[in-house]
Amino acid sequence: MKQTQEISNFFYSQYFADGLRITIGCICPIMVCAALGEFAIGTNISLGALLVGLSDTPGAPTHRRVGMLSCALFCIFTHIVTISFNSNFVLMAIVIGILSFFYSMFAVFNARAATVGSMCILMMLLNVDNIYTFKEELYFLLFFIIGASWYMFISMSITQARPYRLAQQELSESIRHVADFIRLKASFYQINQDYEANYLKIIEKQIAVNEHQENVRDLLFQSKRAIKDTTNIGRFLTLVFADIVDLYEQSLTTHYDYNSIRETYGHTGVLSKFNFILIKMSGELDHLAYKLNANKYPKPLYDFSQDIEDLKIATSQVEKEYGLNTMPLKKVIVNIRDMLNLINNIYNYSQLKSTEVLKEEINESSKFVRKDKINWQKLKDNLSLNSSVFRHALRMSIALSGTFVLMYYLPYGEMGSFWVLLTILVILKPGFGLTKERNLQRLLGTLIGGVVGAIILLTIHDEILRFGLMLFFFLTAYSLFRVNYIVAVVFMTPYVLIMLSFTGINTFDVAQERIIDTFIGGAIAFLSSYIIFPNWESFQIKDNMRALLIANYNYFGQSFKMLSDAVIPVTQYKLARKEVYITSANMASTFQRLLTEPKWRQKSTKEVNRFVILNHIFSSYSATLLTQLNMTKTENLTNEHVKTLKKTLGTMEKTIESIEVENPKEIDNIDTNSCVDLGISDSEESKLITDQLQFLNKISSDLQKTTSEILFKEDLKIT
């Protein structure tokens, strides 16, 4: 049953929808033109649809339209420039270098612009070896424009007919990742679970959660229509998303050190019940995600009321039988109950008019959205070797133009230098680790796909069956392109070979050439990332560390504002929380890439690992503290709490100031003199807050020490 749901969920997903859209856009022109005996024309029209289709990444409709139109216009410009110089080897080498650098610099704007730049470079590479008459080139441009227009018509028609479908799919994917996150948190309640290894899995999952939550924000909040939609669906999706983000924060909270919890309560058997209910809750979220993805209003799968009662009873028995203080466990129960309430709210939204539900953060949603306006000053500011994008653009320029020159003097194969240059374009990434990973995926995928394609061509001679397989391989490849790159390449290679078999080209020679060229291109890309203006993660680590510490400082600082009787707007609080999520994901990504670099670059790996984990613990305890302070009564708060808060904030300030970076973001120091005078309290609630604050103070000290160790080792590397 679970496997069947997973399969059907994929067919409802945005990934399959993307693959289907590109397949329709690319294959229909080929089929129509082939039926009319004009296969070559169909291929040119398909090329226009493919390049524009690949630039059509998820996002707000306005951004997608601008992205596709920009891609089409820049590709036309690139084609004109390329055919104007490709008859002269020297000039063509210079043009390759200039255009590769120019389009690679698009990455300074945003991910969509970077994709448009890559498509323009691909257009250039397709024409470096092709010399046709002026009339033939005009026809090519005409057919390219027809293909681009055809795809844009399909894409925007679907968007117009189902304006919220993409947001619905992305929201579903976001919920699935939150469910996985909760499963990992449940593992902490297993007695034999490796504490540190599980933290690393959680931090890795945070990257995926943040990526999908940012995509949902762009899809929903870029348009006021989703917020004020009278049809209810847009409002429903925004409310669901707001509660899912709140639920994610609740799942982040940590009420006590997990090692201490296991040492204190492990022998009682009560922790298995916490593990069970969290696993069950993640299953409920999977069910919710599936229903949303299938475009069905969700209904609850489980009733958790008895599970909560069982937890309360089990906790009370531990207190009676073992004489242990179970306040931390009771707080976890309250937290789980709050998470379940949020899930119930989501189910209730489908029963009532969502427009009647008011949420401040939704009404001020524009503050949560990334600003993707093209800022040419940003391009100018990045024209420096200190910029990772600039270094990558130089690397791409030198690698492509240099390889073009090399292949000119070593001519072989019917496709000339195209496959080698294409491999470099696809594999060469801004960071060494990403290039290394993509290199292995591309090589292995091409090798396996080449073998599969050869077997099909040897054993299947029926053209109709081959065409059906070609459609299957194309659809599968582009459906998996953003999910699993290596599998996408495995399916893409047979598609190319089968398509070429219809043109009369010797496909076995092409298969052999493609595999060899892929290995050559992969080797050049790998060496380029290693020796041509290499971009090691240690170059970025200080900036990411400082940004994460500032985000945690601001987030934790909300607690001091609570103690000063200040009214904290929900939007302000959630913006601080969002910044923690983003910077945590960025730091975790940096650490993962650091692990893929050469050993001689990994002198501070252990310290960075500890820094990432400590920051995750700090933000988790901050979330817990903020929730606690929001619910507790004033008489449970003391001047000792204020003193510990001040000490922790002071330690964080010193740690941030110790990290010297170029163009540092200044921290907005929190006024610690505005707190009201509090008394004393010996209540259980007060003691728990004291424990949490003391632990946060300890973590801040550990962060300061770990940061000093990293800075010392990084400075040694530089000198």
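The model is predicted, so local features need pLDDT of at least 70 and side-chain atom pairs count only at pLDDT 80 or more, while totals for chains, interfaces and linings use all residues. Residues are numbered from 1 along each chain as its sequence is written, and side-chain values use heavy atoms, with hydrogens and water left out.

**Exercise 1.** Count the aromatic pairs, then classify Phe 89 with Tyr 409.

*Solution.* Rings of Phe, Tyr and Trp (its six-membered ring) pair if their centres lie within 6.5 Å, and planes under 30 degrees apart count as stacked, over 60 as edge-to-face and the rest as tilted. By this rule there are 29 aromatic pairs. For Phe 89 and Tyr 409 the centres are 5.8 Å apart and the planes stand at 85°, so the pair is edge-to-face. Because Phe 89 lies in helix 5 (residues 89-104) and Tyr 409 in helix 18 (residues 388-409), the pair ties together parts that are 320 residues apart in sequence; helices are DSSP runs (H or I, at least four residues) numbered from the N terminus.

**Exercise 2.** Classify the pair of Phe 474 and Tyr 478.

*Solution.* The ring centres of Phe 474 and Tyr 478 are 4.7 Å apart with planes at 50°, so the pair is tilted. Both residues belong to helix 21 (residues 463-479), 4 residues and about one helical turn apart.

**Exercise 3.** Find the charge over the face of Tyr 485.

*Solution.* A charge sits over a ring if NZ of Lys or CZ of Arg is within 6 Å of the ring centre and within 35 degrees of the ring normal. Arg 438 lies over the face of Tyr 485, at 3.7 Å from the ring centre.

Technical notes: Helix = DSSP H or I, 4+ residues; strand = E, 2+ residues; numbered from the N terminus.
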